[in-house]
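Subject: Structure for you to look at

Hello,

Here is the structure I said I would pass on. Please open it first, then read the notes below it.

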Amino acid sequence: MKHSKGILIVISGFSGAGKGTLVKRLLSDYDNYALSISMTTRAPRNSEKDGVEYFFVTKEEFEKTIEEGGLLEHACYCGNYYGTPKKYVEEQLALGRDVILEIDVQGALQIREKFDDTLLLFVTPPSAAELKTRLEGRQTESAEVIANRLSRANEESGWMKEYDFIVVNDDLDECVVNTNSMIEAAHCTPIRSSALINNLQEELKGFSKGDN
């Protein structure tokens with residue numbers, strides 16, 4: 001469904017919850033989504049390309065962008081800056097596309113403070129035991145790293161109630177459809193329908209004056 005203005009959507013979740021896979025499926029299965037590309041000061045990994053996974057910049061460039069007000073949010077994580085460039089997001093929203101930001105809790109709450117109509121979605125497996133199983137199933141990380149990720153998940157769980165919807169990623173196909181339905185429903189909330197409401201009120205005032 002085409003909307004006059006897009007929604008800014010923040011998708012957060014535990015490491016291992018499958019939020020990255022969910023985002024890829026939303027982008028491939030539906031044509032109304034755009035993915036915001038983050039800016040970072042960390043070095044690109046082997047397969048990563050500038051302007052695809054991230055915009056890779058120096059610390060000086062990043063801090064200059066902050067000073068110029070060019071970021072919607074930013075945070076420092078493990079010694080590197082991460083942030084969301086403002087211009088691309090605003091352009092896509094104006095075109096009526098729903099813009100997805102895959103960022104952590106800290107960044108999500110920063111954006112909600114600036115834009116109160118931001119839709120916050122938190123992705124989680126159906127249980128903590130399943131989360132642990134998924135992290136171990138990757139077989140790419142040490143037991144210490146997995147323990148750190150579970151500890152981080154424990155901290156993040158304290159912020160889940162700040163989100164608009166909790167997305168349970170059990171069956172991926174079902175999760176994708178449900179998430180799209182949540183976003184479509186969010187378009188109909190009063191806070192995101194202010195233009196429609198204002199137009200109706202003005203028209204109704206005119207009719208009321210005409211009747212008198």
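**Notes on the model**

Asp29 counts as partly exposed because its relative accessibility is 40%; buried means under 20% relative accessible area, exposed over 50%, and partly exposed in between, with a 1.4 Å probe and protein chains only. Asp29 is found in helix α1 (residues 19-29). The C-alpha atoms of Asp29 and Asn180 are separated by 9.7 Å, although the two residues are 151 residues apart along the chain.

This is a predicted model, in which local features need pLDDT of at least 70 and side-chain atom pairs count only at pLDDT 80 or more, while totals for chains, interfaces and linings use all residues. Residues are numbered from 1 along each chain as its sequence is written, and side-chain values use heavy atoms, with hydrogens and water left out.

pLDDT is the predictor's confidence in each residue, from 0 to 100. Its mean over the chain is 91, and 97% of the residues reach 70 or more. Confidence is lowest in helix α8 (residues 194-211), at a mean of 86, and highest in β8, at 98.

The chain has eight helices and nine strands. These are DSSP runs numbered from the N terminus: helices are H or I with at least four residues, strands are E with at least two. Of the 212 residues, 38% are buried.

**Helix α6**

How far apart are the end C-alpha atoms of α6? They are 21 Å apart, which agrees with the 21 Å that the 15 residues of this helix (143-157) should span at 1.5 Å a residue; the expected span is 1.5 Å times one less than the number of residues. Ile146, Ala153 and Glu156 are buried in α6. Seen down the helix axis, the buried residues of α6 fall within an arc of 75°, so they line one face; the arc is that of the directions from the axis to the C-beta atoms. The face turned away from that side carries the exposed residues Ala143, Glu144 and Asn154. The cover over the buried residues of α6 includes β1 (8-13), α4 (105-114), β8 (119-124) and α5 (128-137).

**The cores**

A nonpolar core is a set of buried Ala, Val, Leu, Ile, Met, Phe, Trp, Tyr and Cys residues joined through side-chain atoms within 4.5 Å. The largest has 40 residues, of which Leu8, Ile9, Ile11 and Leu101 touch the most other members. Apart from it lies another core, of five residues, among them Met39, Val57, Leu71 and Tyr81.

Regards

Note on methods. Contact = heavy atoms within 4.5 Å.
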